[in-house]
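We will go stop by stop, selecting as we go.

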Amino acid sequence: MKTRKFPLWLVGGVIFLIFSLFSTVVALIVDWWWFSEVGYTEVFITSLVAKVVLGLAVSIFATLFLLVNFLVATSSKTPWFVVLPENILGRVINLDGHTVKKLGIIIILVVAVFLGLVASSGWQD
């Protein structure tokens, strides 16, 4: 029977996500309690919906914009390669098109999510 190892980077990513979102979740719960205590729950829900919609809209727009530009940039016929200085490896590493596209898409999604978070934090502006 072959056992599969659970990827350690996935566990680290989940732990990082929990720690980075913990203060946001606590602030959201406290705001919810305060708005419900003073009787303005509808105001809280309206502002929360505005933040979510703005964040999603900016994330989707940024993803589409960056993805189109990236796909146009990688559609050339020249091969992609990385040259590292000699004191590190001293050789040329050739990356195939699939690896470059996978890494590019992951980076684009991360950047788009952060842009959406920045936009949703400034929803009143």
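Start with the whole chain. From the N terminus on, its elements run α-α-β-β-α. That makes 3 helices and 2 strands. Helices (H or I, at least four residues) and strands (E, at least two) are DSSP runs, numbered from the N terminus.

Two notes on what you see. This is a predicted model, in which local features need pLDDT of at least 70 and side-chain atom pairs count only at pLDDT 80 or more, while totals for chains, interfaces and linings use all residues. Residues are numbered from 1 along each chain as its sequence is written, and side-chain values use heavy atoms, with hydrogens and water left out.

**Surface view**

The protein exposes about 10,700 Å², with accessible areas taken from the Shrake-Rupley method with a 1.4 Å probe, where for residues only the protein chains shown count as cover. Carbon and sulfur atoms supply 73% of that area. Of the 125 residues, 13% are buried. Buried means under 20% relative accessible area, exposed over 50%, and partly exposed in between (1.4 Å probe, protein chains only).

Now think about contacts, meaning heavy atoms within 4.5 Å. Among contacts with a separation of 6 or more, 55% join residues 24 or more positions apart.

**Stop 1: H1 against H2**

Select residues 8-38 (helix H1) and 41-73 (helix H2). Their axes come within 7 Å and cross at roughly 145 degrees. Axes here are lines fitted to C-alpha atoms, for helices over the stretch in contact, and angles run from 0 to 180 degrees between N-to-C directions.

Show side chains at the contact. H1 brings Leu28, Asp31, Trp32, Phe35 and Ser36. H2 brings Thr41, Val43, Phe44, Ile45 and Leu48. These residues divide into 7 nonpolar, 2 polar and 1 charged. Ala, Val, Leu, Ile, Met, Phe, Trp, Tyr, Cys and Pro count as nonpolar, Asp, Glu, Lys and Arg as charged, and the others, Gly among them, as polar.

**Stop 2: the aromatic rings**

How many aromatic pairs does a search of the whole structure find? It finds 4. Rings of Phe, Tyr and Trp (its six-membered ring) pair if their centres lie within 6.5 Å; planes under 30 degrees apart count as stacked, over 60 as edge-to-face and the rest as tilted.

Pick Trp32 and Phe44. Their ring centres are 5.5 Å apart and their planes stand at 70 degrees, so the pair is edge-to-face. It links distant parts of the chain: Trp32 is in H1, Phe44 in H2, 12 residues apart. Trp32 is partly exposed at 36%, whereas Phe44 is buried at 6%.

Next, move along to Phe61 and Phe65. Here the centres are 6.3 Å apart and the planes at 15 degrees, so this pair is stacked. Both lie in H2, 4 residues apart, about one turn of the helix. Phe61 is exposed, at 60%.

Then select Trp32, Trp34, Phe35 and Phe44 together: ring pairs link them into a cluster.

**Stop 3**

Select Ser47, in H2. Is Ser47 buried or exposed? At 15% relative accessibility, Ser47 counts as buried. Its side chain reaches the backbone oxygen of Phe44 at 2.9 Å.

Finish at Ser120, in helix H3 (residues 97-121). Ser120 is buried too, with a relative accessible area of 15%. A polar atom of its side chain lies 3.0 Å from the backbone oxygen of Leu117. Now display Lys51, Leu54 and Gly55: leaving aside neighbours within four places in sequence, these are in contact with Ser120.

Definitions and conventions:
Polar contact = N/O pair within 3.5 Å; in protein donor to acceptor, adjacent residues only side chain to side chain.
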